[in-house]
Amino acid sequence: MSVSDETLMAYADGEVDAATRASIEAAMRDDPEIRRRIAEHRALRETVQGAFAAVLDEPVPQRLIDAARGHKAPPLGNVVDLARARRAAAGEAPGRRRSWQPVAMAASVLVGVALGYLGWHNSSPWVKTNSSGELVAGAGLAEALSNQLSEDRSPGRVAITGLSFRAKTGDYCRTFSSTGTPASSGLACREGDGWKIKVLAQSPNATSNSSNFRQAASADEPAVRTAVEESIDGEPLDRAGEVAARQGGWAAAPRR
Amino acid sequence: MSTNESAETIQEQIVALLPRLRRFARNLVRTPHDADDMVQIAVERALLRLDQWHSDARLDSWLFKILRNAWIDEVRSRGRRAKLFMPEEAGENVGEASMEREIDRLSVEAALARLPHDQRLAVSLVLVEGLAYKDAADVLDVPIGTLTSRLARGREALAAMLRPPQGDHS
């Protein structure tokens with residue numbers, strides 16, 4: 001009996017139906033070659049499985065456990081709750097609920113740190129609320145987002161722009177990071193005549209002695225990365241693409 | 001609230017699956033640290049999409065799929081980032097001839113890393129993670145026949161690389 005190797009493989013993996021199994025087992029009785037091939041498949045399976053078994057015994061990094069539970073691990077940046085940041089930027093009292101969970105309390109502390117650092121008020125160079133109550137780039141950040149190319153490494157920048165891309169909505173979006181300490185970064189998209197803040201994250205432990213490091217890190221903030229990957233349409237803009245988009249005032253392209 | 005409770009239950013199930021997600025990610029990217037970064041990205045995405053998970057589906061398959069898609073996104077954008085990720089070419093340039101010339105017996109990890117990524121993922125999901133063919137095919141978004149043939153080719157190549165040099169098989 002001639003049996004294809006794929007069939008023998010499937011048999012060794014327990015993936016054949018009862019009829020096939022019966023015929024292979026009948027063939028095995030008469031044919032040592034078939035027995036040898038099945039044994040090889042099983043041995044390889046054990047070898048490969050064994051090679052990676054030890055990973056399961058390693059301690060899982062706390063940051064992954066935190067991520068799975070929906071908490072943000074400090075070393076990789078804290079996402080600022082935009083709704084809360086918006087209220088704070090608008091000068092409102094932070095929320096009306098009385099019974100916050102401990103997680104929410106911790107988050108509010110982090111937002112507080114961020115607000116304190118960034119100096120959230122309507123004259124902030126970073127973020128402000130527009131007339132619709134949306135969080136948008138303040139004058140300084142908007143200036144950088146509108147004019148600065150991502151390769152620009154000139155000193156004295158207010159913000160560092162990371163990568164630029166066209167979102168699935170047709171809008172142009174850019175990642176940015178602060179040049180200050182603690183470092184913060186985020187994603188802004190051009191909507192209308194302003195830059196709307198989509199994600200804001202901060203890395204309390206990141207040092208910004210070298211602004212070049214922040215440039216590298218800007219798009220690597222997991223929350224920012226995730227937001228980029230969720231919204232990007234195609235590839236990020238290269239230098240020529242940024243120049244062209246800037247010339248067009250970063251006006252949205254027609255929706256595909 | 002019951003919805004919050006069920007979300008928390010799923011979160012704890014995800015925590016329990018982290019060791020396996022980390023193991024799968026090790027077969028995607030070069031270093032353990034980068035693998036953990038991939039897991040973190042995947043887990044964060046999963047939490048954003050919990051409403052897309054149906055409780056009759058396997059949670060592990062669903063997470064493997066998100067992880068695999070996150071990795072594909074990373075591979076696509078790797079040109080603009082640090083060279084974190086395992087180059088596909090490393091596997092694809094290894095032809096039959098060079099495998100046969102391989103003199104040293106490779107470690108299983110090194111051998112697996114040399115497979116083209118399609119085969120590597122099939123081998124990793126079925127042989128390492130123990131997924132059924134249909135579940136692995138679902139993670140990879142391919143028909144089961146494609147999964148089977150990738151798995152067969154991957155196994156054949158692995159066996160050739162891992163075979164002791166004194167072996168008399170051709």
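Helix α3(A) and helix α9(B) are roughly perpendicular (an angle of 65 to 115 degrees), because their axes come within 11 Å and cross at roughly 80 degrees. Axes here are lines fitted to C-alpha atoms over the stretch in contact, with angles running from 0 to 180 degrees between N-to-C directions. Helices are DSSP runs (H or I) of at least four residues, numbered from the N terminus.

This is a predicted model, in which local features need pLDDT of at least 70, side-chain atom pairs count only at pLDDT 80 or more, and totals for chains, interfaces and linings use all residues. Residues are numbered from 1 along each chain as its sequence is written, and chains are lettered from A in the order in which they are written.

Over the whole interface, 31 residues of chain A are in contact with 32 residues of chain B. Helix α3(A) gives the most to the side of chain A that touches chain B, with 8 residues.

Helix α3(A) covers residues 32-53. Its buried residues (20 or more other C-beta atoms within 10 Å of their own) are His41(A), Leu44(A), Val48(A) and Phe52(A). These lie on the same side of α3(A), because they cover an arc of only 65 degrees around the axis, taken from the directions from the helix axis to the C-beta atoms. Exposed residues (12 or fewer such atoms) on the other side include Arg36(A) and Glu46(A).

Technical notes. Helix = DSSP H or I, 4+ residues; strand = E, 2+ residues; numbered from the N terminus. Expected span 1.5 Å × (residues − 1). Contact = placed C-beta atoms within 7 Å. Parallel < 35°, antiparallel > 145°, perpendicular 65-115°, else oblique.
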